[in-house]
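Work through the exercises below with the model open. Try each task before reading its solution.

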Amino acid sequence: MTLQLGETAPDFTVESTEGNIQFHEWLGGDWAVLFSHPADYTPVCTTELGAFAKRKEEFAGRGVKLIGVSVDPLDSHNDWAKDIEKTQGAGLNFPLLADKDQVVADLYGMIHPKADPKVTVRTVFIIDSAKKIRLMLTYPPSTGRNLDEILRVIDSLQLTDNHKVATPVDWKNGEDVIIVPSLSDEEAKERFPEGWDEQTPYLRVTRQPGRK
């Protein structure tokens, strides 16, 4: 199954380290980062789960829940969690799905046969409060995910959902943004009374809305 941006994230019911999860019900009105792992007891994923656990409150402050998934069974997850806490200094504090029947893996296209027909690739999905898929990233086994980038994208998505702006290359929260080209100068004057730097008619740079 090939998912695309803007589609509704598929619902599922799967057991996890925090009990059975019916995904849409669990999500409620929040956002989510759903991220998959090839297998338990893998070194890169061990560091990732520890890092997500340490920074859970940064995601929560943005109204974002964390949920992991791999195709290993629940007892394996629970044992792996001990290693995560021991080596990373943070215990698992969000649900890790035990997708042993590959329900989630199949719904979200996490099995790539030419990479490995038996395990999930390392994919990130950002899903918004309307349960729409807003971002998909797939990593090779040897490369750990960048949590700063995931948070940066969430900041950009939530900002641009509420204002007629886009975020430029390497943008970080608090930096200048771009007024969307579909907004006329007259409309822009109402929304951005402080004005903007017109580098070209389609590239108008202004202060991030709400920035002090």
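**Exercise 1. Aromatic pairs**

How many aromatic pairs does a search of the whole structure find? Then classify the pair Phe 35 and Phe 94 by geometry.

*Solution.* The model is a predicted one. The search finds 8 aromatic pairs.

Step 1: take the geometry. A pair of aromatic rings is described by the distance of the centres and the angle of the planes. For Phe 35 and Phe 94 the ring centres are 5.8 Å apart and the planes stand at 55 degrees.

Step 2: apply the cut-offs. Planes under 30 degrees apart count as stacked, and over 60 as edge-to-face. The angle here is 55 degrees, so the pair is tilted.

Step 3: Phe 35 is in strand E3, while Phe 94 is in the loop between H4 and strand E5 (96-98). They are 59 residues apart, and the pair links distant parts of the chain.

Step 4: check burial. Phe 35 has a relative accessible area of 0% and is buried. Phe 94 is buried too, at 2%.

**Exercise 2. Tyr 41 and its partner**

Describe the ring pair of Tyr 41 and Trp 80, then the backbone of Tyr 41.

*Solution.* Step 1: the ring centres of Tyr 41 and Trp 80 lie 6.5 Å apart. Their planes make 45 degrees, so this pair is tilted.

Step 1: Tyr 41 sits in the loop between E3 and H2, and Trp 80 in helix H4. The separation is 39 residues.

Step 2: Trp 80 is buried, with a relative accessible area of 1%. Tyr 41 is partly exposed, at 43%.

Step 3: turn to the backbone. Phi of Tyr 41 is near 60 degrees, a positive value in a residue other than glycine. Lys 131 also has a positive phi, near 70 degrees. Lys 131 belongs to the loop between E6 and E7. Its relative accessible area is 19%. Buried means under 20%, so Lys 131 counts as buried.

**Exercise 3. The annotated position**

Where does UniProt place the feature "active site"? Describe the surroundings of that residue.

*Solution.* Step 1: the UniProt record, an unreviewed entry, places "active site" at Cys 45.

Step 1: Cys 45 lies in helix H2. Its relative accessible area is 1%, so Cys 45 is buried.

Step 2: list the contacts, leaving aside neighbours within four places in sequence. Cys 45 is in contact with His 37, Pro 38, Trp 80 and Arg 122. Trp 80 is also the ring partner of Tyr 41 from Exercise 2.

**Exercise 4. The nonpolar cores**

Which residues have the most contacts inside the largest nonpolar core? Which element supplies its largest share?

*Solution.* Step 1: the largest core has 25 residues. Val 33, Phe 35, Phe 52, Phe 59, Ile 126 and Ile 150 have the most contacts inside it.

Step 1: trace the sources. Elements that each supply at least two residues include strand E3 (31-36), helix H2 (43-54), helix H4 (74-88) and helix H6 (147-162). The largest share, 6 residues, comes from H6.

Step 2: look at one member. Not counting residues up to four places away in sequence, Phe 59 touches Val 33, Phe 52, Val 64, Leu 66, Leu 147, Ile 150, Leu 151 and Ile 154.

Step 3: look beyond this core. A second, separate core has 22 residues, among them Leu 3, Phe 12, Val 104 and Ile 111. Phe 12 also belongs to a cluster of ring pairs with Phe 23, Trp 26, Tyr 108 and Phe 125. The charged end of Lys 65 sits over the ring of Trp 26, 5.0 Å from its centre.

**Exercise 5. The open sheet**

What is the strand order of the open sheet of 4 strands?

*Solution.* Step 1: the order is E8-E9-E11-E10, with antiparallel pairing.

Step 1: find the edges. Strand E8 (165-166) and strand E10 (197-200) each have a single partner strand, so one side of each lacks a neighbour in the sheet.

Step 2: walk across. E8 joins strand E9 (residues 177-179) by 2 bridges, and Ala 166 stands opposite Ile 178. E9 joins strand E11 (residues 203-206) by 3 bridges; here Ile 179 has Arg 204 as its bridge partner. E10 and E11 pair over 3 bridges, with Glu 198 opposite Arg 204.

Step 3: find the connection. A hairpin of 2 residues joins E10 to E11.

Step 4: follow Arg 204. Its charged end sits over the ring of Trp 196, 5.9 Å from the ring centre.

Conventions: Residues numbered from 1 in each chain as written. Predicted model: local features only at pLDDT ≥ 70, side-chain atom pairs only at ≥ 80, totals over all residues. Heavy atoms only, no water. Core = buried A, V, L, I, M, F, W, Y, C linked by side-chain atoms within 4.5 Å. Buried < 20%, exposed > 50% of the residue type's maximum accessible area, 1.4 Å probe, protein only. Contact = heavy atoms within 4.5 Å. Pairing = 2+ DSSP bridges. Phe/Tyr/Trp six-rings, centres within 6.5 Å; stacked < 30°, edge-to-face > 60°. Lys NZ or Arg CZ within 6 Å of the ring centre and 35° of its normal. UniProt positions renumbered as here; feature names shortened; annotations may be inferred.
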